[in-house]
Amino acid sequence: MCEEHSPHSPLQVRREQNGKPRRIMPFGMIERVVAEAAPHGLREVIPSTMGEPLLYEHFEDILDLCDRYGVKLNLTTNGTFPRLGAVAWAERIVPVTSDVKISWNGATKATHESIMLGSRWEKMVENVRAFIAVRDAHAEAGGNRCRITFQLTFLEANVAELADMVRLAIDFGVDRVKGHHLWVHFDEIRELSMRRSPEAIERWNQAVLEAREAASERALPNGKHVILENFLLLDSSATEDLAPGRPCPFLGREAWVSAVGRFDPCCAPDVQRRSLGEFGDLSAQSVMEIWNGEAYRELVTTYRNRYLCLSCNMRKPSGGKAWVGDLFKFRPAAHTTSTNTDTPPTPSALTRC
């Protein structure tokens, strides 16, 4: 479950027991950063990718903030829809949201619950169906149609069910199935990685072909085909570098802000991410001051020399295409990084990490 940063998580309790403050971002900081970035082309707010955002007591204020500044919310949730339930949350979230990514890691109750610890399969299924029903009704009435995505972690523990997860998504009316390979930042999880050996990569490639076939079998209820993102065939050398020479999907496009106000360049695990440098503190500086600052600009131009960036799981192998039914769909970059240092690009998304 993605509740690492929630007020009720064991991590937060341990911090309190050790005399450390809970890491919860003040809403005032969110409000100020969005206000500063909105005039510079901000398009999305991503409330959290490392905790369950619906547990945040000011989450509904974030929805109001998006509406006020005309920016979209891009949500990742574990699908439990705490506090209000799936229907009530959908009624609030759908009108201002571009994409709702629901963490999903199995096509069967046994696999999903073994990976998403604490989840209840039957309730998850019920929640997804309820949320999508609200989304569809809102769109049919002429309102915003937010995309619904299954967000996977590609693992040895669920790779055999990849094709069936795609079929399940089609059954539900999920628009996209997206995933990322496991980021192995400690040895205990190395055996779960589908990039750990040429043999694991071979099994991964076979699972990709089966998943693509499943996506081609039938259309969604709206007549379109489900989109598969990052279901890409890997070279046997991908054990070291997933996407040789490919660009970073974050630098120059997204501004990441930690719960304590630290400006972060990306979503790498915290210890590894800190190795990229210190860029600024949103408690004392404006987001545009840091974004245009020398330290961040230098990283944007030199990141290809960093070991962390070379081993990154988030870059896409050559082609970088999404699979739609029996064809590839090119997904152009949301923002092209400028090479003119006098006019650096502005963040298109703000992420609370």
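**Exercise 1. Determine what the buried residues of helix H6 pack against.**

Solution. The structure is a predicted model, in which local features need pLDDT of at least 70, side-chain atom pairs count only at pLDDT 80 or more, and totals for chains, interfaces and linings use all residues. Residues are numbered from 1 along each chain as its sequence is written, and side-chain values use heavy atoms, with hydrogens and water left out.

Step 1. Helices (H or I, at least four residues) and strands (E, at least two) are DSSP runs, numbered from the N terminus. H6 covers residues 121-140.

Step 2. The buried residues of H6 (buried: under 20% relative accessible area, with a 1.4 Å probe and protein chains only) are Trp121, Met124, Val125, Asn127, Val128, Phe131, Ile132, Val134 and Arg135.

Step 3. These residues pack against helix H4 (86-93), strand E3 (97-103), helix H5 (109-115), strand E4 (147-154) and H7.

**Exercise 2. Describe how H6 and H7 are placed relative to each other.**

Solution. Step 1. The axes, which are lines fitted to C-alpha atoms over the stretch in contact, with angles from 0 to 180 degrees between N-to-C directions, come within 10 Å and cross at roughly 45°.

Step 1. Angles under 35 degrees count as roughly parallel, over 145 as roughly antiparallel, 65 to 115 as roughly perpendicular and the rest as oblique. H6 and H7 are therefore oblique to each other.

Step 2. In contact (heavy atoms within 4.5 Å) are Trp121, Val125, Val128, Arg129 and Ile132 of H6 with Leu168, Asp171 and Phe172 of H7. The residues of this contact comprise six nonpolar, no polar and two charged. Here Ala, Val, Leu, Ile, Met, Phe, Trp, Tyr, Cys and Pro count as nonpolar, Asp, Glu, Lys and Arg as charged, and the others, Gly among them, as polar.

**Exercise 3. Compare the span of H6 with its expected span.**

Step 1. Just after H6, glycine 142 takes a positive phi of about 100°.

**Exercise 4. Is lysine 101 buried or exposed?**

Solution. Step 1. Lysine 101 lies in strand E3.

Step 1. Its relative accessible area is 9%, so lysine 101 is buried.

Step 2. Leaving aside residues up to four places away in sequence, lysine 101 touches several residues, including Asn74, Thr149 and Arg176.

Definitions and conventions: The expected span of a helix is 1.5 Å times one less than its number of residues. Buried means under 20% relative accessible area, exposed over 50%, partly exposed in between (1.4 Å probe, protein chains only).
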